[in-house]
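Please look at the sequence and the structure below, and then read on for a short report on salt bridges and on one helix.

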Amino acid sequence: MSVKIKGFCCNYTASVGVEALKQAGLVPEDFDMVRLPCTGRLEVQDLLEAFEKGADAVFVAGCMIDTCHNMSGSKRAAKRVGYAKKIIQELGMDQGLVEMFFVGRGETGPVVEAVREMVSRAEAADS
């Protein structure tokens with residue numbers, strides 16, 4: 001089974017591009033990532049639309065709370081992920097299919113781990 005994962009990532013996190021990660025076999029081919037100037041700009045609607053467009057799981061990778069380049073962007077994103085969790089649960093979906101991860105500046109490893117975690121959650125929700 002192939003699962004589609006959609007990630008929204010702060011421009012200051014993952015230093016390696018998605019295509020390079022796919023070529024190295026670190027993330028699935030169906031992984032799509034949108035880089036944002038700040039995850040604080042992400043709206044709940046963006047997360048829900050990812051599901052509407054076929055994503056099996058969605059995550060946000062923002063800066064660590066205390067090192068956010070835009071001061072409170074990661075806090076705003078985390079709140080919005082919380083709202084999205086409530087909405088998808090009301091729709092009968094597993095709220096674990098949307099998640100917020102905090103990643104250090106320029107760190108790619110935690111983003112790869114986030115993708116793997118979301119693949120695992122999507123596969124578990126489907127079984």
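E19 is exposed, with a relative accessible area of 51%, whereas K22 is buried at 14% (buried means under 20% relative accessible area, exposed over 50%, and partly exposed in between, with a 1.4 Å probe and protein chains only). The side chains of these two residues, K22 and E19, meet in a salt bridge, that is, a side-chain nitrogen of Lys or Arg within 4 Å of a carboxyl oxygen of Asp or Glu. This is a predicted model, in which local features need pLDDT of at least 70 and side-chain atom pairs count only at pLDDT 80 or more, while totals for chains, interfaces and linings use all residues. Residues are numbered from 1 along each chain as its sequence is written, and side-chain values use heavy atoms, with hydrogens and water left out.

The count comes to seven salt bridges, among them these:

| Pair | N to O distance |
|---|---|
| K22 and E19 | 3.8 Å |
| E43 and R80 | 3.9 Å |
| E113 and R116 | 3.3 Å |

E113 and R116 both lie in helix α4, three residues apart, which is about one turn of the helix; helices (H or I, at least four residues) and strands (E, at least two) are DSSP runs, numbered from the N terminus. At 47% relative accessibility E113 counts as partly exposed, and so does R116 at 40%.
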